[in-house]
Amino acid sequence: MSTEDKKTRAQLLKQLREQYRDTVDRTQALLKEHNAVRKEIFKAMGDEPRTVPEIAELSGVSSHEVLWHITALKKYDLVAEVGMDGEYYQYQKVKGGAS
Amino acid sequence: MALEKLQVDSLIVGGGIAGMQAALDLADQGYQVALVEKEASIGGKMIALSKVFPTLDCCSCITTPKMSAVAHHENIQLLTYCEVQALEENGGGYTALVEKKPRYVIEEDCTGCRECEYACPIDLPSDFDRGMGAYRAVRVPFSTAVPQVATLDIENCILCGKCEKVCPHGCIDFTQTARHFEIETTAIVLATGFEVTPKDAKKEYGAGQFDNVIDGLMMERLLAPTGPYGHVLRPGDGKEPDSIAYVQCAGSRDATLGIEYCSRVCCMYAIKQAMLLSGALPLADITIYYMDIRTFGKGYEQFYQTARAMGIEFVKGKVAQITEDENKNPVVRVEMLDEGSKIVERTHDLVVLSVGLLPGYNPGSLYGVPAADDGFVTVPSPNISPSETARPGIFVTGVAAGPMDIVDSIVLSGAAASEAAAYIEAHNSRVAVSESKGKKELAHV
Amino acid sequence: MSEIEQNQTPPSEGQEEPRIAVYTCYCGGNISEVVDCEKVAEAVSKLPNVVISRTDMSMCSDAGQALIEQDIKEHGVNRVIVGACAPSLHETTFRGAVTRAGLNPYLYHHVGIREQDSWVHHNDPEGASEKAIRLLSAGIAKSRMLEPLESIKLDAEKHALIIGGGVAGLRAALDIARRGIKASLIEKTPFIGGRMAQLETTFPVDEPAREALGGLIDRVVEHPNITIYTQAELVGLHGYVGDFHATIRQDQRGVSEDIADAAMAACEIEVPDEFNYGLTTRKVIYRAYDGCYPSTPAVDWANCPDGRLELTLDGKPVVLENRPETIDLTVGAIVVATGFDLYEPREGEYGYGILPEVITLPQFIRLLALNGDAPLEWNGRRVKNIAAIHCVGSREVDGIHEPHEDGSLNEYCSRICCSALLHTLNVVKDRYPDINVYDAYEDIRTYGRGHEDLYIKASHQAVRFLRFHNEERPTVNRENGDQPLLTLNDYLTWGEEIEVPVDLVVLAVGVKPRAIDDIISMLKISKGSDSFLAEVHPKLRPVETAVPGIVLAGTAQGPMNIQESSAAASAAAAKVSVLLGTGEVELEPFVAVVNHDLCDGTGACVEVCCYEDAIALETVTVNGAEVQRAVVTPANCVGCGVCVSACPNLAIDVQGWTLAQYEAMIDAIVGELPTLEAAR
Amino acid sequence: MTAGSTAKPKILILATLSGGYAGADSVGQLHVDYPSNVYVLPVVCPAMFPEDFYLRAFKRGIDAIIVMYSGTDCPYKGGAERTAEIINRVYPIMKEEGIDTRRLRLAAICTVCTRPYLKEVNNMHDLLEEIGLVSGELQAALNESPA
């Protein structure tokens, strides 16, 4: 990419950021919130297999929300399902996956 | 600048099962077809289902080959992420103005490798998984999507550029803008489908606030092999449910919602799900609260009797209210119609609302075909011409023409294709015979 | 998705060493929930010539197909096997995929491991996995011996035969004709229009049935591509898609237009009128109804002694005789629109046949039509109370209902009776508001668009609904009083026993398959478990039969209302247009081939072959000598293989299904299983 | 899974595409369980197989063969009669070779003959439990008539 192209592109991106400022701000806030929640979830999980109610109990995040984040993390290989405890599945951080 | 132009015999609006079938039935007869789908992939509602009644075939096994056939058919132009914005009459046919939304991904170069998706930091509740799972702001819509290309959801993007950095083919293109083009067509088939009763419609059922009260489409995702949890778990806390209840007519045959019609598919999908659940969770108790069981189609009554024989409990009762106990278990209050309307309360782990079908779109103003009182497209002589609308050359199929199941949608699409073909033939013979049509130029859009 | 790639046999130049790719499909869990697909894929990867062995969630998806195409292009794969659902469902799908990648479609082989494996061995996953390996091994063995084949292209007659002149047949004929294809419609009775003509009004739009039907009939009659044969039946059929030869027998109408009315007046033989379901009589020279098509009366030969009718016209004796004609038609496709029969209740079922007050819904509809606006009387009494009973002859359950004479039960829902009954009860309430109407049901199935309104309206019009349970259906008896008594436990009121004296009982009888075994055997199509005609698959090929070129329209396939019949008929017409539109059909290349090096002209094959001009001895020149050798005409060969076993020299095979391939498959089935990694 | 499991008796079904094969698919759609050592091969019409074909299969280790043809519903003219003729000629040869003739069955199975299909399969399975592998019989016959 030539310097000229890069410049044009940078300008376009800037324009796009301007145009979508509201949604970018909203999404950035969402990301921040997700990161905070996940930090709590990971803390609660430690390196042990944990069920959703256990994580919820330890983290103070609602079990509904914990399940959603676990589902998202599992989909992108950051958390794995490792077994079952009674009526609940257990999840564990994937080594090298979760930060 | 002149608009790009596409000339076809028939324009199909909607790429769900009904639209795909109509497109295939026309294209197989040798007509040029343009299929316009507003979403990033075709497949419609059907592709998100688990297994389908009454054969219990896996849904993908029916849908994905049709998706593939549509994509590969030499007579079909597939136009995803596109919407018709205006329609004009044009010499006995129609000209549609279509907008293609920017994907911010160069379709031709994208291989669907999903590197961008893995790199994207934004997790969003996935519409495909009815909010239970997550997807990223840039993504291939689902594993069997057609086309297999990524789409960037600019409304939920922080423009961090991570996707752009990882894409091995340099496909991410933030400079894309909407494109417009015209489709000249003789006939139009509307296959605009449906939405289901919104979660918050029934205040008596918790207005969508209870985590463990879900709708039938959510249960489809839980039962699907590609479902969000990989198991049937309740969304409130991931518990494997022991007791599951279905509330029939949750949004149909309900004067309080102004929806008096029967949605036609809910009895069968509830029974089918109940059967699949008793396979997935052999120890679970499954109850279906119903007013009338309407298993009217070919093989459906036998399916119902099999479900009864399997031990699924059918209770003739109207669910008046759903509340939550302190453990977030849903509690249903049932008017037992078979016991003189006695009121009983029962607690379940998970309640599934058998929500009804609502029209997905009112084509009235744009296409000039009126909707009837029930919101679906008016069909003036349903007995003799079940797919003909009030406007010449415009036909309707699938749930756009009223609630119907997949089998009936597929058959009606064959009928719509038949009617459209006859209309095209009559139109072509009207057009001056001497006027050589020549080969149709199909612009790449 | 997992993949195991090996390169046991390097690609060789020139000669075609088989390079086989095997795909084991999870089928969205349908297979993988029982069969260990990964293990199967690993096992078959060890077999000779297998260069690729993969699994996938859904091979028939676009991505799955793309994978096959990619492997063909990038890995030089020249044989493809997919282990998945039944071949009847997706074999053509995968043939399409390999064709797109430039491979001959007949180098594809499909192995069914769902219907015949995972779905029937739930309790034996180990055995199911072993079976999958053996079936795939057999497929691989066959695949090594596959050869590229070319489909047989034949001219197709742009002409369709439609059997049945009811609304479905008419609709199909019209749609086919409008596509520029000739349509010949045969109707058994003297008049077209079928059962729709017997209705007064229709639902969901309340319109005079004959007006809507008349509009359709007018369009059919006026269309230049359509020929109608009434009093006509199919009596013979041979041939195949594109070139069926149908023999039609047509009775004579019997009377000409000019003497028709006089002849009708002079005719003295009266028979029950089936148009009114026996409520009235008609003469044997008759019109079905005013305004019927054709309008000329016809002679009902079946009810004329010795097929002759003697009349006195203008004082002169006239003898009318039936001299049936035979018509031969060559057609490319056939639409079966033979309609349905009504369930006839057993004697004593709800008092039917014993109590004159008990009639069927179709009879009641005719009664209302004949009655017009006059006060409703039946059996000499003014009708004040009517009871209607749903599900008569439908939803029969083993153990509760007595089987029919042939041992069958009508387990299905007849689909049309609930809405038809409520529509009719609303007509009663509109016309005779003072009549009390009781409606006994188990489930009200007003499922269709606009049908629920019929139920709502009936409720508003004070039709009294009573709900029974299937295992305790209502009874109708006449005890002491002179009125029949409907008795049932009504579960809408705590299951208490209710007795209602009524003047008329209307049975909402179900529909049942037509007795058309002769047509079924001529067409070689099949019935489903409910005895209605079977489609290939309700979603993949909903109006096609397993016989190429023969499609289904309307209630021959199962219960449907008018709207649904029209839709099915139009869909069937679309399939006919696809088949015949180009004037050419493609046939599978699975026909007999003779190896002239082995043939010595015994003629054994010619002797056993039952098909005209399929195989014959011809004089050919071999090494300068004129000898007799068997020669196959592919278009006439059906590929049954009768000649294969008859040949003493093993000189004949059916291509695509050779004896050697079967032997190889058997060897693979009994062979040693490929050894897997030691750990297993 | 090891080679040892090959000792399970094997039932081969030659089923017509228009009859038995579709019937076996119908059984699948009902999800009814039956023994897994049953292998169905689709055939156009079993009239194509000469007598030797059956003998060869038994000698290779197929323990039972059920030919599921379409009977009187056979879509091919003469196919059903011809199949029956050939099968009838196989029986005496089986006897000669010392093979129990019950190992070969001809059954008319239609596309929806699910119960007859299951009956055939289960009966044959039970028979094999009783009479064992075909290899035993062939070995015994070999011992009786030393070459």
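Trainee: What conventions apply here?
Mentor: In this predicted model, local features need pLDDT of at least 70 and side-chain atom pairs count only at pLDDT 80 or more, while totals for chains, interfaces and linings use all residues. Residues are numbered from 1 along each chain as its sequence is written, chains are lettered from A and ligands numbered from 1 in the order in which they are written, and side-chain values use heavy atoms, with hydrogens and water left out.

Trainee: Of the 3 pairs of chains in contact, which share the most contacts?
Mentor: Contact is taken as heavy atoms within 4.5 Å. Chains A and D do not touch, their nearest C-alpha atoms being 26 Å apart, and chains B and D do not touch either, with nearest C-alpha atoms 7 Å apart. Among the 3 pairs in contact, the most contacts are shared by chains B and C.

Trainee: How much area do chain B and chain A bury between them?
Mentor: The contact draws 38 residues from chain B and 33 residues from chain A. Buried area is the accessible area (1.4 Å probe) that two parts lose on being put together, summed over both. With 56% of it on carbon and sulfur atoms, the area comes to about 3100 Å².

Trainee: Which residue of chain A meets K239(B) in a salt bridge?
Mentor: A salt bridge requires a side-chain nitrogen of Lys or Arg within 4 Å of a carboxyl oxygen of Asp or Glu, and chains B and A have 2 of them. At 3.9 Å, N to O, the side chain of K239(B) meets that of E87(A).
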